[in-house]
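This report describes a protein model from its overall make-up down to a single residue.

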Amino acid sequence: MQTTLRGALTFEGIGLHSGRPVRLRILPASGEYGIWFKRLDVVGLDQMIPAAWDRVTDPRLCTLLSNADGVSVSTVEHLMAALAGMGVTNALIELDGPEVPIMDGSSRGFVQAIQARGLRHVDGEARAIRILKPVEVVDQGRVARLEPSDGFEIDFEIVFEDAAIGAQSARLDMGPGVFADQLMECRTFCRKAEVDALQKMGLARGGSLENAIVVDGGEVLNPGGARRVALRSGRARSPRTPRRRALTRAPTSGTGSCGRLRSGAPVFMPGCGRARGANAPARPPARARARGAPPGSSRGASGRGRGN
């Protein structure tokens, strides 16, 4: 079954890179709608942006989605992780700026709000991707690999020169509740030298120790340090424990990582496919109101629409 929220949710914060205040609302949507973003501040161009893999136009430093008019929304990864982790398959996300608020640098705020509001079933079968044979992507020593399996597991590893990070790995069986229990609190992390360089370039204007983990060599600069040293899963390994089954290791020069995802059962992928059905907007969005769309989802409207 497909799902949506029981009611609207509102968030306010700042963009990590722009430093601009932004207000974001997540609205319930009908079955087959998918996940869509709506830029309320855009006038004269298509405001609607589908959360689809083929709309990713820039993966540097964040995930940026764009539509055919060039209207974009960036830093969507924590919100999309929360929706996927909680099983939300249909939602309209309104925001009055180009960037999703960074919140505390994790998915926790989004997940807790979704938990408090609750979900309801809507018409339509859940769309899924089944992994039938290994798929691997290798880039400069970094590896991502999908493998067939009877369940849904994530096995990942990172390797950094910085003593505060070092080599860390963990494996998770992604059953019900695991994302909220194990992953929602995990925050963005970066090196102090990288932060200084980004801010000199006019980026990371909204970054602070309140919304990212910053390390400098062997030291975590955030008061109180990291939230967790290792994941609480019984199958997770401590940062320095050697792996029994080796994956291709990333180079120790800094930003490498590698990981493996195994899935035999269908994988819930909210927003990964095209919205279809009588109640879904066309793709790319038409400049007209879609039948059965959530409140405030008209195309090309100007001004800052207010939802319920």
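## Basis of the description

The model is predicted; local features require pLDDT of at least 70 and side-chain atom pairs pLDDT 80 or more, whereas totals for chains, interfaces and linings use all residues. Numbering starts from 1 along each chain as its sequence is written, and side-chain values rest on heavy atoms, with hydrogens and water left out.

## Overall make-up

The protein contains four helices and 20 strands; these are DSSP runs numbered from the N terminus, helices being H or I of at least four residues and strands E of at least two. Of its 308 residues, 46% are buried, that is, under 20% relative accessible area with a 1.4 Å probe, protein chains only.

The accessible surface is about 15,200 Å², and carbon and sulfur atoms account for 53% of that area (Shrake-Rupley method, 1.4 Å probe). Among contacts (heavy atoms within 4.5 Å) between residues at least 6 apart in sequence, 70% link residues at least 24 apart.

## Nonpolar cores

A nonpolar core is a set of buried Ala, Val, Leu, Ile, Met, Phe, Trp, Tyr and Cys residues joined through side-chain atoms within 4.5 Å. The largest one has 35 residues, and Ile 26, Phe 37, Leu 79 and Val 100 have the most contacts inside it. At least two residues of this core come from each of β2 (9-14), β3, β4, α1, β9, α2 and α3. Another core, of six residues, lies apart from it and includes Leu 27, Tyr 33, Trp 36 and Met 48.

Beyond its neighbours within four places in sequence, Ile 26 is in contact with residues including Leu 5, Phe 11, Leu 79, Leu 92 and Ile 93.

## Helix α1

Helix α1 spans residues 77-86, and its buried residues are His 78, Leu 79, Met 80, Ala 82 and Leu 83. These buried residues pack against β3 (21-28), β4 (35-39), β9 (91-95), α2 (108-117) and α3 (178-183). Just after the helix, Gly 87 adopts a positive phi of about 80 degrees.

## Asn 67

Asn 67 is located in the loop between β7 (64-66) and β8 (72-74). Asn 67 counts as buried because its relative accessibility is 7%.

The Asn 67 side chain reaches the backbone oxygen of Met 48 at 3.0 Å and the backbone nitrogen of Asp 69 at 3.0 Å. Not counting residues up to four places away in sequence, Asn 67 touches Asp 46, Gln 47, Met 48, Ile 49 and Arg 55.

Conventions
Buried means under 20% relative accessible area, exposed over 50%, partly exposed in between (1.4 Å probe, protein chains only). A polar contact is a pair of N or O atoms within 3.5 Å; within protein, one must be able to donate a hydrogen and the other to accept it, and residues adjacent in sequence count only if both atoms are side-chain atoms.
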